[in-house]
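This report describes one protein chain, of which the sequence and the predicted model are shown below. The sections that follow treat the aromatic residues, the overall fold, the strands and selected individual residues.

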Amino acid sequence: TKLSDIMTGGTATISKYTDHVDVVFNKPFFSTPVINISLVNDSTEEGFLTEGHEATVTDLSPTGFSIYLSSNALRDYTYSWTVLQIPKVITTTPSND
């Protein structure tokens with residue numbers, strides 16, 4: 001298995017006055033991969049940090065995903081993203097001790 005078959009990454013920008021961006025993979029994965037996003041922080045302005053970190057990853061599938069904000073963006077927000085195909089994802093839940 002080539003590394004490019006199990007992981008990929010890039011950037012996605014939610015444009016000003018919109019609330020989401022859709023990311024489509026160049027090549028579909030064989031199942032829904034694990035996706036991580038991180039705000040590319042080019043400003044220390046408090047509003048930028050607060051608004052930009054309210055992003056949520058949705059619509060996960062083997063072909064892509066979406067990044068949504070809770071309301072329309074007041075400026076452009078760029079996110080770096082990484083995707084990792086894991087054959088058997090481990091799910092952790094809280095224990096009831």
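## Aromatic cluster

F25 and F29 are both buried. Their rings form an edge-to-face pair, with 5.1 Å from centre to centre and 85° between the planes. F25 also pairs with F65, in this case in a tilted arrangement with 5.9 Å between the centres and 45° between the planes. F25 lies in the loop between strand 2 and strand 3 (34-39), whereas F65 belongs to strand 5, so this pair ties together parts that are 40 residues apart in sequence. F65 is buried, as is F25.

The structure holds 4 aromatic pairs. F25, F29, F65 and W81 form one aromatic cluster. A pair of aromatic rings is described by two quantities, the distance of the centres and the angle of the planes.

## Overall fold

The chain contains 2 helices and 6 strands. Along the sequence, these elements follow the pattern α-β-β-β-α-β-β-β. Of the contacts in the chain with a separation of 6 or more, 73% are between residues 24 or more positions apart.

The chain has 97 residues, and buried residues make up 25% of them. The chain exposes about 6,600 Å², and carbon and sulfur atoms supply 53% of this area.

Strand 5 pairs with strand 2 in the antiparallel sense, over 5 bridges. Within this pairing, H20 has Y68 of strand 5 as its bridge partner. Strand 5 also runs antiparallel to strand 4, to which 4 bridges join it. In that pairing, T58 stands opposite S66 of strand 5. Strand 4 and strand 5 form a hairpin, with 2 residues between them. In a regular strand the side chains alternate between the two faces of the sheet.

## Residues with positive phi

Most residues other than glycine have a negative phi. Y17 is located in the loop between strand 1 (7-14) and strand 2 (20-24). With a relative accessible area of 57%, Y17 is exposed, because the threshold for that class is over 50%.

D59 likewise has a positive phi, of about 55°, although it is not a glycine. D59 is found within strand 4 (residues 56-61). The relative accessibility of D59 is 52%, so this residue counts as exposed.

## Surroundings of D59

Which residues does D59 touch, leaving aside those up to four places away in sequence? They are G64, F65, S66 and Y68. The side chain of D59 makes a polar contact with the side chain of S66, at 3.5 Å. S66 is also the residue of strand 5 that stands opposite T58.

D59 and V23 are 36 residues apart in sequence, and their C-alpha atoms are 9.9 Å apart in space.

Q85 is placed in the segment after strand 6 (77-84). Is Q85 buried or exposed? Q85 is buried, because its relative accessible area is 4% and burial is defined as under 20%. The side chain of Q85 makes a polar contact with the side chain of S31, at 2.8 Å.

Conventions:
Residues numbered from 1 in each chain as written. Predicted model: local features only at pLDDT ≥ 70, side-chain atom pairs only at ≥ 80, totals over all residues. Heavy atoms only, no water. Buried < 20%, exposed > 50% of the residue type's maximum accessible area, 1.4 Å probe, protein only. Contact = heavy atoms within 4.5 Å. Areas by Shrake-Rupley, 256 points an atom, 1.4 Å probe, with all protein chains shown as cover. Pairing = 2+ DSSP bridges. Phe/Tyr/Trp six-rings, centres within 6.5 Å; stacked < 30°, edge-to-face > 60°. Polar contact = N/O pair within 3.5 Å; in protein donor to acceptor, adjacent residues only side chain to side chain.
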